[in-house]
Amino acid sequence: MVLAGVGAQGAALQAPDYYVQETWSREPYYARRQPEPEPFSPPLPAGTPDGEREPRPPEPRPPKKATKPKKAPKRDKLAQETPPPGKNSNRKGVRTKSSEKAANDDHSVPVARVDVREGCPPLGLETLKITDFQLHASTSKRYGLGAHRGRLNIQAGINENDFYDGAWCAGRNDLHQWIEVDARRLTKFTGVITQGRNSLWLSDWVTSYKVMVSNDSHTWVTVKNGSGDMIFEGNSEKEIPVLNELPVPMVARYIRINPRSWFDNGSICMRMEILGCPLPDPNNYYHRRNEMTTTDDLDFKHHNYKEMRQLMKVVNEMCPNITRIYNIGKSHQGLKLYAVEISDHPGEHEVGEPEFHYIAGAHGNEVLGRELSLLLMQFLCQEYLAHNARIVRLVEETRIHILPSLNPDGYEKAYEGGSELGGWSLGRWTHDGIDINNNFPDLNTLLWEAEDRKNIARKVPNHYIAIPEWFLSENATVAVETRAVIAWMEKIPFVLGGNLQGGELVVAYPYDMVRSLWKTQEPSPTPDDHVFRWLAYSYASTHRLMTDARRRVCHTEDFQKEDGTVNGASWHTVAGSLNDFSYLHTNCFELSIYVGCDKYPHESELPEEWENNRESLIVFMEQVHRGIKGVVRDFHGKGIPNAIISVEGVNHDIRTASDGDYWRLLNPGEYVVTAKAEGFTSSTENCMVGYDMGATRCDFTLSKTNLARIREIMEKFGKQPISLPARRLKLRGRQRRQRG
């Protein structure tokens, strides 16, 4: 239903694909001639006297289950058709669709016949593209339940306090309450998605509502169903999102939701997202200035398991000399856990070349990290072929591994739900209900208990802590995906890694577990805290939004005081995290990178999210070349595996790989470094780490101890070292035999 006058209506009818061109074309909309919409002036229904009561609205229509997903549009069709919401109309939540025929019976307002199947993406309440200043409400219970909290999937704080609660809640429970969105430009509204209040203690949700639109926020037109106002069916519980599509698209600047009924024992509370296509306005400098485009020719879409494998194959065929596809195991459902290696000599570890990895999709519904990793492998291949000096150097000096989907079973569930109707947790866990991110052995407790027993000889080292036997048993509650990652990390000498997650915008570094008993939040630094802080800041500071002081918090936490970084335990404690396990069991320094407030953004958001994260993804990989590196050899020049590298003043050691090479991440400064190995005398060197990119070379040559040398000589000639007491007994026995 077009509410912008006859002129705008005619323009829309003449160019039905006009809005789609605006959404997908890389050409700025202000470079093309566009019709100007006329001011909004909605007429009243014919014959309706002022003050006449509204007709009784019909009963709300029952919701329908989500249909099966349609295939995503091909790349060459992106300029002609807008993708439906969330992949994207494949939804796991509840979906209702109003009758177009019923709406067409209302002839009081001019109607533009636009195909509802076009669909429109979300305006951005969940992704924060819609600012707090664009959300308004009739009343609210308190500030923490104001209109700015009425965003789809927003999470409440632990205490649900006055500042961060889990929905907009009206100050009164009556039919005059509303929440509205100011799109700040004419927008073709096509649908509304609603949720109840996120709360551990309360049950509040709206069961039905009206939808109204306006161009000046004073004169409102209600969506009709025949001759009466249309009542949309809302939620039946507080977490599963419900989609209602408008009978026909409506063009306006403002959209308002007016609750008509709510849960009997609750209050008027809701979270929501609006589906709509912004119309072009070449005269509006504000929108031109804030546009985000990308020049990278990449596959910006959501990929299911089959499409992900195909994309990997395409990248491998484009760059066969620097890529290799392999798998590290299988999921619970038997899907292979594919990884792509990017290196100048794929398939082999080169002495002196550090190993790096990105892991994504440990939580299957945190899809943005998965798509960013797929975009990254495409980007590295393309830029390498284009002879980008920075990328060529990175590929030739680093062995990069990208594992885009650690939990493919969970992702397939989230993919069926789509980007808006999956809710906050659909697909998060593995098929057997395990959270991979904290399914690793708790080595922190073993280390800290050993440190606290000061009077007992130390049995637990400060690195390479062994996995407890109970964890290795078949009866342990350990996901097969977790076991596959552990085996992968034990096989490859990773130096640095990042696991991409979603739902926040921050970089978390270990420890992730608090040391004090009975505490849920407490700073818990590692001996390498300064290094971890730098690694986290290297990603956050190059991200377009993480360190932006003007940025609104995603849910409840404001990470700006630490420039978009946080110690994991000071945020919330987690036992058995991937970060802590990597640090205490391997040489790898692992961080959790939360790449966006929206776990599963709409496809139309992927180009902007790529621009937000592209530089950060590359800069973080480059940090693997900070610190010192070298080879520990014996006097014959042979590398010594499993040698221990200790840095004075840092109570955490690392070990050499099978060829004797090592990498130790350190911040700039001068360090006293010692290399030691069983059977060899230790060696100490002063190693200087500079500010320029590139690790400082610091090699060691160890000589064997006297005892080790004697043993080597005896073994070489097939003899054993002489044992004098045994020799005396042997001689006495011989003498007795001779006397007898």
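Author: The model is a predicted one.

Reader: Which side chain does the side chain of Arg664 join in a polar contact?

Author: Arg664 is part of strand S24, residues 661-664. Leaving aside residues up to four places away in sequence, Arg664 touches several residues, including Phe589, Arg626, His652 and Asp528. The polar contact between side chains is 3.0 Å, and the partner of Arg664 in it is Asp528.

Reader: How many residues of helix H14 are buried?

Author: Helix H14 covers residues 578-585 and is mostly covered. Its buried residues include Leu578, Phe581 and Leu584, and also Asn579, Asp580 and His585. Ser582 and Tyr583 are on that list too. The count of buried residues in H14 is 8 of 8.

Reader: How are helices H6 and H7 placed relative to each other, parallel or perpendicular?

Author: The axes of H6 (residues 367-385) and H7 (residues 389-397) come within 8 Å and cross at roughly 110 degrees. Angles of 65 to 115 degrees count as roughly perpendicular. H6 and H7 are therefore roughly perpendicular.

Reader: How many charged residues are in the contact of H6 with H7?

Author: From H6 come Phe379, Leu380, Glu383 and Tyr384, and these meet Ile391, Val392, Val395 and Glu396 of H7. By class, the contact has 6 nonpolar residues and no polar ones, and the number of charged residues is 2.

Reader: What is the handedness of the crossing of H6 and H15?

Author: H15 spans residues 606-622, and its axis comes within 10 Å of the axis of H6, with a crossing of roughly 65 degrees. H6 and H15 are therefore roughly perpendicular. The crossing of H6 and H7 is left-handed, whereas that of H6 and H15 is right-handed.

Reader: How many nonpolar residues are in the contact of H6 with H15?

Author: On the H6 side, the contact includes Leu368, Leu372, Leu375 and Leu376. On the H15 side, Trp610, Leu617, Ile618 and Met621 are among the residues that take part. The contact has 1 polar and 3 charged residues, and the number of nonpolar residues is 11.

Technical notes. Residues numbered from 1 in each chain as written. Predicted model: local features only at pLDDT ≥ 70, side-chain atom pairs only at ≥ 80, totals over all residues. Heavy atoms only, no water. Axes fitted to C-alpha atoms, helices over the stretch in contact; angles between N-to-C directions. Helix = DSSP H or I, 4+ residues; strand = E, 2+ residues; numbered from the N terminus. Parallel < 35°, antiparallel > 145°, perpendicular 65-115°, else oblique. Left-handed = near helix turned anticlockwise from the far one by under 90°. Contact = heavy atoms within 4.5 Å. Nonpolar A, V, L, I, M, F, W, Y, C, P; charged D, E, K, R; others polar. Buried < 20%, exposed > 50% of the residue type's maximum accessible area, 1.4 Å probe, protein only. Polar contact = N/O pair within 3.5 Å; in protein donor to acceptor, adjacent residues only side chain to side chain.
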